[in-house]
Amino acid sequence: MKQYLKIDEWSIIEESFDPQTQEISESVFSLGNGYMGGRANFEEQYSGHSLQGSYMAGVYYPDKTRVGWWKNGYPEYFAKVLNSTNWIGIDIDIDGTPLDLATCTVSDFHRELNMKEGTLSRSFTATTEGGKEVRVETIRIVSMARREIGAIRYAITPLNFAGELTITPYLDGDIKNKDANYDEKFWNEVEKKGAPDGGHLTLKTKKLDFHVTSAYLFDILVNGDKLTRTAEAIEQEKYVASKVSFPVKSGDQVVIYKYAANVTSRNHGLGQLVEAAETALHSAREAGFSALLTEQAEVWKDKWKESDIIIEGDVSAQQAIRFNIFQLNQTYTGEDDRLNIGPKGFTGEKYGGSTYWDTEAYCVPFYLSTADSSIARNLLIYRYKHLEKAKENARKLGFKKGALYPMVTMNGEECHNEWEITFEEIHRNGAIAYAIYNYVNYTGDQAYLGQYGLEVLVEISRFWEERVHYVPHKDKYVMLGVTGPNEYENNVNNNWYTNRMASWTMEYTLEALAYLQENESTRYAELVDKLELEEAETVKWNEIIAKMYYAADEERGIFLQQDGFLDKEIIQVKDVLPENLPLNQKWSWDRILRSCFIKQADVLQGLYFLGDRYDLETKKRNFDFYEPITVHESSLSPCIHSILACELGYKEKAYEMYLRTSRLDLDNYNNDTEDGCHTTSMAGTWMSIVHGFGGLRVQSGRLILNPSNPGHWTAYSFKIMFRGSRLKVNVTDAKVTVVNETDIPASITIHGKDYTVNGLSSVTSEGSSVTV
């Protein structure tokens, strides 16, 4: 863990340039708008270590699977979001010497991600090897108002010389992914055109035929006057540029405005790409950079109005939660139900940018509470549209019926190639079913069940029915050869979480069937016919529910993570020598698999999901046993532990886990932020406050709040959208106040007492013990 970023409520700030942290900063300072995004690479050339990254949502490549020994059922490819055309580039040459921070002496360096207004700025003084000194100030946006537009203002001032300045704005499509399995490039050129004031470049993927057209225009002003000198148009393979040279003297301010448009064949016809790019581009240039900044600030003002969390008395915690919210809001905006949320968002290539169970388990709650319900609904529809592929996945593994959703996917096909995860970590099916329940329970949108949800639930339940088998001597149904959420164990029998979520899914499917039969009888009959659902199936589901096997230790009063877990030597993390941590970087995989150590919440994940089924004592016994042997080497781990610690009254543990999840990337806890930020776990950070300290639950259509205030904060507040109302919850040691910012009344329960918050009014709960 290395803290090098300044603590600030609304900004992420780096106050000196260190090549050793450059790739970490490229991740942390990333920008996006849900449609496109990229890492915080420098506009000018940089010959030091850097992960160049510009990404277009939904544009991916099926990179051929690379494994040592092929197994039946392996996917043919690993899908990955592609590093796309580098549109930010502006090469600067000073009397023939490139401006390159890897070779210059750098001083007064300042980089700032302004989260309030959605801008990335940078300033520095650079001295070349020849002693020529320049001052540079840049500001960049990826427009939230115009999704296909990015814009840059790049200002350079000679400080101690007169000479020739050469400026070369460009588009570079000759790029590749760092994570390419065979180190190949994935793009072919379709067309290009260079011009004195800009150009365009169209590429297509070597497979799947995605087309991306990037176009740019630029203006140069010298001391406020537009440069009239004509630039040289340059065309090379997968590259277009405009090169212009002119004399400058000390004190001249040269400002380059670069506007770029990126459009894809996902949204435009192949014959319309250039026209679409140029239309968007000319509109942006005509509006001007200042207007684009104003638009950007206005969109972010609305975003923060819906989703801001305010923490008083702890600036580190405040900065961290806003950073997490900022990244979530610029990663997924929800308008396109073909898109989902990659674990790294637009900040890096690790995990391929594909969809994991992270979306359903961690991200759905954030979007449920901070945006219109249609946003979370689209995340569920994404899975509904992949139902047939999920059924195909199950058939590939030999199942006669049901659906197995992929562990990793872009288009519904499985594209992950580790046996113990791809074929054993089947608990992802449970998370997808739970997300349907979570959405319906939170929004009250029961119609979703008949429209989309029931079909998914039935097919998942069918999979569980076939995946378990009956053991006569136990008179129980068991599930063998699985991997639970704790990936530090593989091929185990009767993982408690997997068995429990399988049983729960069948329960909820039966409830959904009963609801539709009673309330939407016509649709119920249609679905029974479409699904060819037989009574024998529901009878079997009830039998499995009643006889599912759960490993337990009666003496300790805990659920066992799986059969034989207590055969392991139980050692707490505090007793492991520091030089052995993190385990995944210090121990062999064999040693990790044989140890008791847990990567992330497993049994505790189930106790969080199904919290209304278990009392506090049960949660306490399991938390007290499992948390001390959990190494939290998954980014998804600290948030669940923080939430449960809040519920149990474990003040310091809740706060410790909150800081760990919220500052995971800012402080590089896991020594891997250079690969990209942990975007999906950022939704878990939000949950740590709202579901943890805020105690938010929804029961029987009613919003439940049991807020607690950690001793490190003087007060905090968060906002939640709930069935049309936007509520601001303010928490201090003495009271909880809920303000309704809309004219739609809301029924809530605070510390067990019922209230109605009328439109544009507030209620206050006093006298409760609200300190953890």
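This report describes selected helices, loops and single residues of one predicted protein model.

The model is predicted, so local features are reported where the pLDDT is at least 70, side-chain atom pairs count only at pLDDT 80 or more, and totals for chains, interfaces and linings use all residues. Residues are numbered from 1 along each chain as its sequence is written, and side-chain values use heavy atoms, with hydrogens and water left out.

## Confidence

The pLDDT, which is the predictor's confidence in each residue on a scale from 0 to 100, averages 95 for the protein, and 99% of the residues score at least 70. Over residues 767–772, however, the pLDDT is below 50, although this stretch has 19 contacts in the model beyond near neighbours in sequence, where a contact means heavy atoms within 4.5 Å. Where pLDDT is low, the predicted coordinates should not be read in detail.

## Helices

Helices are DSSP runs of H or I with at least four residues, and strands are runs of E with at least two, both numbered from the N terminus. Helix 4 covers residues 315–331, and its 17 residues reach 24 Å from the first C-alpha to the last, close to the 24 Å expected at 1.5 Å a residue; the expected span is 1.5 Å times one less than the number of residues. Of these 17 residues, 15 are buried, so helix 4 is largely enclosed by the rest of the structure. Buried here means under 20% relative accessible area, exposed means over 50%, and partly exposed lies in between, with a 1.4 Å probe and protein chains only.

Helix 9, residues 428–443, has 16 residues that should span 22 Å, and its end C-alpha atoms are 23 Å apart, which agrees. Just after helix 9, Gly444 takes a positive phi of about 75°.

How do helix 18 and helix 20 pack? Helix 18 (residues 637–648) and helix 20 (residues 679–693) pack at an angle of about 5°, with their axes 8 Å apart; the axes are lines fitted to C-alpha atoms over the stretch in contact, and angles run from 0 to 180 degrees between N-to-C directions. The two helices are therefore roughly parallel to each other, a label given to angles under 35 degrees, while those over 145 count as roughly antiparallel, 65 to 115 as roughly perpendicular and the rest as oblique. From helix 18, Cys639, Ile640, Ser642, Ile643 and Cys646 meet residues of helix 20 that include Gly684, Met687 and Phe693. By class, this contact has six nonpolar, six polar and no charged residues; Ala, Val, Leu, Ile, Met, Phe, Trp, Tyr, Cys and Pro count as nonpolar, Asp, Glu, Lys and Arg as charged, and the others, Gly among them, as polar.

## Backbone details in loops

Leu208, in the loop between strand 14 (198–205) and strand 15 (211–222), has a positive phi of about 75° although it is not a glycine. Asn668, in the loop between helix 19 (651–662) and helix 20, likewise is not a glycine and has a positive phi of about 55°. A cis peptide bond with an omega of about -5° joins Leu581 and Pro582, and Pro582 lies in the loop between strand 24 (558–559) and helix 14 (583–586).

## Accessibility of single residues

| Residue | Relative accessible area | Class |
|---|---|---|
| Gly271 | 78% | exposed |
| Leu208 | 47% | partly exposed |
| Val106 | 24% | partly exposed |
| Asn668 | 6% | buried |
| Glu424 | 6% | buried |
| Pro406 | 2% | buried |

Pro406 is found in the loop between helix 7 (387–396) and helix 8 (419–422), and beyond four places in sequence it is in contact with Arg383, Asn393, Gly412, Glu413, Glu414 and Arg428. Pro406 and Ala390 are 16 residues apart in sequence and 6.7 Å apart in space, C-alpha to C-alpha.

Glu424 lies in the loop between helix 8 and helix 9, and, not counting residues up to four places away in sequence, it touches Trp419, Gly481, Val482, Thr483, Asn490 and Asn491.

Val106 lies in strand 8 (residues 105–114), and its contacts, with residues up to four places away in sequence not counted, are Phe17, Leu101, Phe124 and Thr125. Gly271, in the loop between strand 19 (254–264) and helix 2 (273–287), is 254 residues from Phe17 in sequence and 44 Å from Phe17 in space, C-alpha to C-alpha.
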